[in-house]
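Hi there,

Here is the structure I promised to pass on to you. Please open it first, and then read my notes with it in view.

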Amino acid sequence: MAKNIQSLERAAAMLRLLAGGERRLGLSDIASALGLAKGTAHGILRTLQHEGFVEQDPTSGRYQLGAELLRLGNSYLDVHELRARALVWTDDLARSSGESVHLGVLHQHGVLIVHHVFRPDDSRQVLEVGAMHPLHSTALGKVLCAYDPVAHSEVTEGERQSFTPRTVTGEQEFEALLDTVRARGWAADAEETWEGVAAVAAPVHDRRRMPVGAVAVTGAVERVRPGGELRPELITAVRDCARAVSRDLGANRF
Amino acid sequence: MTDAHTTGPFIAAIDQGTTSSRCIVFDKDGRIVSVDQKEHEQIFPKPGWVEHDAKEIWENVQEVVAGAIVKAGVTSADVKAIGITNQRETTLLWDKNTGEPVHNALVWQDTRTDALCKELGRNVGQDRFRRETGLPLASYFAGPKVRWLLDNVEGLRERAERGDILFGTMDSWVIWNLTGGTDGGVHVTDVTNASRTMLMNLSRMEWDERICSSIGVPTAVLPEIRSSAEVYGNAKGGVLDGVPVASALGDQQAALFGQTCFAEGEAKSTYGTGTFMLMNTGHTPVNSYNGLLTTVGYRIGDQKPVYALEGSIAVTGSLVQWMRDQMGLIKSAAEIETLASSVEDNGGAYFVPAFSGLFAPYWRPDARGVITGLTRYVTKAHIARAVLEATAWQTREISDAMTKDSGVELTALKVDGGMTSNNLLMQTLSDFLDAPVVRPMVAETTCLGAAYAAGLAVGFWPDTDALRANWRRAAEWTPRMDAATRDREYKSWLKAVQRSMSWLDEDTAAEE
């Protein structure tokens with residue numbers, strides 16, 4: 001059996017100590033309870049504090065468990081919370097782009113549409129909330145595959161169906177495509193899922209920088225990619241929107 | 001955003017609300033350019049009493065206006081007009097020579113005038129002034145609050161009769177200060193705010209001297225009643241020095257305007273802590289025999305006034321908060337949808353949230369909340385579903401009352417407010433109303449309404465058709481429920497409502 005990492009064991013012991021009985025402990029209490037030198041204990045506490053697992057009371061200087069631990073405990077983000085946070089930003093994105101906006105999350109090997117804003121042209125449109133879109137061919141799906149390891153393993157293990165002649169199905173080609181997505185920070189779909197439809201999407205991160213979803217602008221290929229080129233202002237707009245939602249979810253500026 | 005909409009010109013809207021003051025700068029397409037907001041203190045001197053410090057509010061208004069202008073990166077030259085919308089009925093008296101409030105503002109929720117209202121009803125009851133004002137005698141409205149202040153602040157009545165004291169709802173206070181205060185500030189209110197005082201005659205659009213003297217309000221304190229969209233004066237000092245102040249609308253009327261409900265029969269419903277539904281009834285005030293209020297919707301310049309019927313639901317968003325904070329069944333308000341979506345239906349459970357009695361259309365203060373239809377089968381998810389259904393059924397009841405009073409069937413309901421992000425609720429609403437439910441693209445319809453009215457007054461927008469063209473549908477829910485299910489469920493809901501009534505004994509209800 002491999003040797004365990006001592007500092008991690010000590011950190012775990014500290015968390016257990018702080019979780020039991022007394023809620024707030026001073027540095028010397030912690031050090032003596034665990035039989036550590038004060039300097040060693042302080043170094044570990046500082047690291048835990050930096051990660052948000054431990055908080056220090058500013059007046060007494062005593063330590064307690066941090067909010068990050070609670071977040072780990074309820075780690076999933078409620079999709080309805082995501083929609084509520086995204087509402088104003090996605091409205092504005094639809095308005096500025098003149099196209100429809102979708103917010104998607106990973107769900108059962110596909111993209112679940114959790115929010116949909118109509119294209120602002122007063123035409124008859126049907127709310128697509130609850131619809132499932134494919135992971136490998138849509139802009140939303142590609143963003144999820146590029147940033148979320150779970151989505152990535154699902155898409156590589158599953159079958160990648162060809163919907164149009166433009167759908168990318170080959171493994172190496174697909175991986176290269178995801179590399180580009182990661183390098184640029186956005187993904188596109190140029191008639192790869194539906195004929196005549198193009199989209200661009202960007203990732204939404206939560207406060208722990210985990211990818212929790214993606215936001216996309218979708219429209220007729222001739223408007224989204226006039227002359228075969230994606231309109232650059234759409235890319236900026238969709239990325240701005242994704243960043244704004246991420247900020248609302250507590251992610252730091254990046 | 002990316003497309004440059006910061007080239008202007010712009011309209012600035014001030015929303016002086018119950019918990020905060022906000023300023024939003026809008027461009028010509030009705031899109032938001034910048035927002036600034038500041039909360040103010042809620043003062044609770046006694047149970048049931050709620051006050052605001054009007055000085056604090058005016059300072060906050062100046063701050064958020066400056067904040068929004070800075071964030072927008074524009075100057076007063078780019079701003080063509082200022083529009084005002086405000087918490088309705090909140091009442092202030094101030095000294096016109098010093099600009100000092102004589103007392104904190106009495107907030108609309110404040111119930112200290114309950115006994116006074118009963119007394120004012122004399123042998124007629126709460127409908128004594130209803131024919132003229134469209135309102136029942138209830139503690140919300142401003143007139144009795146003015147009387148309370150005159151009776152309870154020492155020496156105030158004498159000062160008022162000497163002509164040193166001005167009365168205003170928050171629109172008047174903000175406009176008076178914006179236009180110079182003691183240095184030539186204009187003392188005006190608009191028809192929508194005036195219609196919430198119980199002092200204005202609805203068909204004449206003038207202060208009703210007989211009612212003023214019955215309630216005990218000297219006409220010397222009253223502001224001049226103006227339309228909702230005209231230039232009242234120019235801002236004096238501050239970042240918007242010289243910009244015309246060109247609209248005032250009570251918050252719910254502003255939302256009606258922002259939702260562009262300009263045609264008879266068009267209605268909007270705002271889903272917040274409580275819910276307010278208003279329906280445009282055209283140029284005639286419609287008397288309600290079904291527990292609704294008759295109010296002024298808006299008046300543009302010297303055009304004919306447009307009236308509205310109003311129904312309010314006391315507990316909607318606050319029921320979801322109750323599920324989160326008191327019951328601990330959910331961690332965030334949005335999670336109610338997750339929990340409710342985990343089941344197909346309500347499992348036979350109905351929740352009537354009559355926490356402080358039943359409002360429109362019943363007006364039963366003796367009612368209290370009930371959850372009924374419980375069996376061992378019912379889970380917390382069914383209760384969550386019943387919570388959302390309660391909001392939808394209460395909307396249906398108000399919509400039915402509006403149809404009865406006005407004779408106009410609801411063709412579609414325009415919605416706004418925080419709860420519109422709840423997809424299941426919006427679908428349920430459409431199912432229960434058997435009508436499409438439509439959400440517009442700008443959620444800030446209250447500020448937008450004030451901006452629209454101000455923009456119309458200065459010619460920034462030519463007419464209401466131009467505003468309609470700005471309106472964008474962000475989502476629409478259409479009914480999916482079959483008629484038989486809807487009728488059966490409605491019947492059960494109405495039975496549940498009956499169960500909530502007469503919980504309090506008559507004398508306890510009177511005391512509360």
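Which residue's side chain meets that of E192(A) in a salt bridge? The partner is K142(A), with N and O 2.5 Å apart. Before we go on, please keep in mind that this is a predicted model.

Are they buried or exposed? E192(A) counts as buried because its relative accessibility is 10%, under the 20% cut-off. K142(A), at 2%, is buried as well.

Now try E81(A) and R85(A), whose side chains also form a salt bridge, at 3.2 Å from N to O. Both sit in helix α5 of chain A, and because they are four residues apart there, about one helical turn separates them. E81(A) is buried at 15% relative accessibility, whereas R85(A) is partly exposed at 33%.

E206(B) pairs with R204(B), their closest N and O atoms being 3.4 Å apart. Here E206(B) is partly exposed at 44%, and R204(B) is partly exposed at 48%. Over all chains, the count comes to 43 salt bridges.

Next, have a look at where the two chains meet. The contact involves 27 residues of chain A and 30 residues of chain B. About 2500 Å² is buried between them, and carbon and sulfur atoms give 52% of that area. On the chain A side, H80(A), R95(A) and F118(A) lose the most area to chain B, together 25% of what that side buries.

How many salt bridges are counted between chain A and chain B? There are five, and one of them joins R124(A) to E476(B), with the closest N and O atoms 3.2 Å apart. Polar contacts across the interface come to 13 residue pairs. From chain A, α5 (79-97), β4 (110-117) and α10 (232-248) each supply at least two residues to the side that touches chain B. The largest share comes from α5(A), with 11 residues. By type, that side of chain A divides into 10 nonpolar, seven polar and 10 charged residues.

Enjoy exploring!

Best wishes

Terms used:
Residues numbered from 1 in each chain as written. Chains lettered and ligands numbered in written order. Predicted model: local features only at pLDDT ≥ 70, side-chain atom pairs only at ≥ 80, totals over all residues. Heavy atoms only, no water. Contact = heavy atoms within 4.5 Å. Buried area = accessible area lost by both parts, 1.4 Å probe. Salt bridge = Lys/Arg side-chain N within 4 Å of Asp/Glu carboxyl O. Polar contact = N/O pair within 3.5 Å; in protein donor to acceptor, adjacent residues only side chain to side chain. Nonpolar A, V, L, I, M, F, W, Y, C, P; charged D, E, K, R; others polar. Buried < 20%, exposed > 50% of the residue type's maximum accessible area, 1.4 Å probe, protein only.
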